[in-house]
Every structure is written in C-alpha cells, then in structure tokens.
Amino acid sequence: MAKFFVNPEDVLEELIFIKGSDVNHIKNVLRLTVGKEILISDRQGNEYECIIKDIDADIVTAQIFNCILNHTEPAVETILFQSLIKGEKMEFVIQKSVEIGVTKIVPLMTKRCVVKLESENKLKNKIDRWQKIAESAAKQSKRGIVPEVCLPMTLEQGLEYAKSQLDVGCIPYENEEAHHIKTFLQSIQAQSIGVFIGPEGGFTEEEVALATSYEVKPITLGKRILRSETAGLVTLANIMYEMGEI
C-alpha cells in the first residue's frame with residue numbers, strides 16, 4: 001500500500017486532502033485511481049488507511065476507513081549533527097539515517113568543512129532538496145514522522161542546542177581510544193542523544209575540546225578510521241541496537 005504524508009490541518013474527521021508534488025506522483029507515476037487504498041500519515045505518528053475518493057488537478061481527496069497508531073518510531077530520540085560534506089555524500093547520509101531511525105538532522109559548519117555555505121536562496125533550495133530526500137526515505141521505511149533537516153548551525157550552536165535540549169551527546173573521534181561506543185551506550189539511560197560527526201578531514205583537537213566542555217563525550221568506533229558519511233550511520237545503528245530498536 002502506497003504511503004503519503006500530509007500536514008495535520010489537512011486531516012478532517014472523515015476526509016484527508018493530499019496536495020503538492022504527491023498529487024502528480026499519485027496520478028502520473030503510481031497511476032492510482034479512485035477506489036484504490038492508500039496509507040496516509042499526519043507527520044505526528046497517526047496513520048490512516050484510506051480509499052481515494054476524488055482526484056483533481058491539484059488535490060487528491062481520500063476517505064478514511066481506519067485509524068491506526070504508528071509503531072515504527074524509536075523510543076529514543078536521536079539528533080544527528082552532521083558536518084557539511086560534499087553533495088551526494090550528504091544526501092546519502094540523510095537518506096540512510098532516516099531509514100535507520102534518526103529524529104532530526106542538523107548540518108554543521110566546522111573548521112575543516114570543504115563545503116561552504118552558499119547564498120540564502122541556494123541554501124534554501126538545498127535544504128528543500130534534503131527535506132524531500134528525508135520524506136522519500138520516511139515513506140520507504142514506513143516512518144511515522146518525517147525527520148526535519150534543519151538550517152546549518154555552527155559547532156558551538158549545535159553544542160548549545162544539545163546541552164539545552166538533549167539528555168546526552170557523543171562525538172566519535174579517531175584519536176579517542178579509551179571510551180568505546182558500546183561502553184558509552186550501556187552506561188547511559190537517555191531518552192534523547194545527540195551525535196556529532198566531523199567532516200572529511202575530521203574534527204580538530206580544539207573542536208573536540210570544545211565539545212567536551214559542553215559534556216559531549218568523545219568515543220571511539222573501533223580501530224578503523226571511518227569516512228564521515230559512514231561514521232554517523234554506524235553510530236546511529238549502534239544506538240538503535242543498544243536501545244533495542246534493531
């Protein structure tokens with residue numbers, strides 16, 4: 001059954017209205033017709049089994065016949081603070097982290113980032129594209145929400161956010177040897193975790209020291225050095241495993 005996301009205000013007592021690009025996808029890609037069953041999520045964990053009632057030029061109307069609570073969302077909230085990396089690699093991280101179960105993705109501007117911020121208009125277009133990738137991955141993996149891709153933050157802004165909003169944070173670092181991710185995860189009882197991932201060149205010693213001052217724990221992912229686009233996914237997968245989500 002095809003799945004679509006709508007905004008909460010588009011869900012009425014008996015009807016749901018699908019708007020935007022999904023209308024074209026329903027009509028011209030999936031070629032769904034009136035009477036077909038679809039699954040709709042309100043981005044807040046509520047799902048509705050529906051039958052397509054009407055298809056217009058810019059809106060699809062669906063009739064609700066069953067309401068269910070989504071059970072695919074992890075109990076632990078994870079925020080991925082991913083340093084900006086080159087185009088397709090960043091898109092890959094967004095797609096796969098959503099599939100794994102990330103709650104939110106925050107692009108980070110760090111000292112060794114090769115990617116530089118563009119004009120405000122280009123940045124908006126990039127965020128829009130990243131958000132569409134997140135939504136597509138959420139549909140594919142049957143998520144109950146679409147994880148938000150935020151506007152980029154500096155490392156210090158990200159650390160401030162983590163300190164004020166999250167229970168704990170960790171920062172995988174190639175020079176850390178004592179604290180393994182497994183030991184770290186088994187030692188905490190947290191409902192929310194921030195994960196800080198460096199760019200292609202890694203974090204500087206000063207950046208790791210700054211993170212430590214915000215009580216973000218440096219950890220090791222093992223003896224092998226992982227690429228930036230690999231490290232975040234490995235960390236998220238470990239969190240999901242230790243928290244009983246995998």
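**Figure 1. F81, Y161 and F196 come together in one aromatic cluster**. This close-up comes from a predicted model. Using the ring-pairing rule, the count comes to 2 aromatic pairs.

**Figure 2. F81 and F196 form a stacked aromatic pair**. Here the ring centres are 4.2 Å apart, and the angle between the planes is 0°. This pair, too, links distant parts of the chain, with F81 in strand β6 and F196 in strand β11 (residues 192–197), 115 residues apart. Are these two residues buried or exposed? F81 has a relative accessible area of 0%, so it counts as buried. F196 is also buried, because its relative accessible area is 0%.

**Figure 3. E135 is a buried residue of helix α3**. The helix covers residues 120–140. With a relative accessible area of 17%, E135 falls under the 20% cut-off and is therefore buried. Which residues does E135 touch, leaving aside those up to four places away in sequence? Look for F5, D22, R43 and V146 around it.

**Figure 4. K139 also has its place in helix α3**. Its relative accessibility is 19%, so K139 counts as buried. Setting aside residues up to four places away in sequence, K139 touches K3, F4, F5 and D22. Now find L39: K139 and L39 are 100 residues apart in sequence, while their C-alpha atoms are 9.9 Å apart in space.

**Figure 5. A cavity lies among residues that include L84 and W130**. Rolling a probe the size of a water molecule over the atoms shows where empty space is left. How many cavities of 30 Å³ or more does a search of the whole structure find? The search finds 1, and the volume of this largest cavity is about 50 Å³. To trace the lining in the view, look for L84, V115, K116, L117, E118, L123, K126 and W130. What kinds of residues make up the lining? The lining has 5 nonpolar residues and 3 charged ones, with no polar residues.

Terms used:
Residues are numbered from 1 along each chain as its sequence is written. This is a predicted model: local features need pLDDT of at least 70, side-chain atom pairs count only at pLDDT 80 or more; totals for chains, interfaces and linings use all residues. Side-chain values use heavy atoms; hydrogens and water are left out. Helices (H or I, at least four residues) and strands (E, at least two) are DSSP runs, numbered from the N terminus. Buried means under 20% relative accessible area, exposed over 50%, partly exposed in between (1.4 Å probe, protein chains only). Contact means heavy atoms within 4.5 Å. On a 1 Å grid over the protein atoms alone, a cavity is a set of points where a 1.4 Å probe fits but cannot get out, and a pocket is an open set with protein on both sides within 12 Å along at least five of seven lines; lining residues have an atom within 4 Å of a point. Grid points are joined across faces, edges and corners, and a volume is the space filled by probe spheres set on the points. Ala, Val, Leu, Ile, Met, Phe, Trp, Tyr, Cys and Pro count as nonpolar, Asp, Glu, Lys and Arg as charged, and the others, Gly among them, as polar. Rings of Phe, Tyr and Trp (its six-membered ring) pair if their centres lie within 6.5 Å; planes under 30 degrees apart count as stacked, over 60 as edge-to-face and the rest as tilted.
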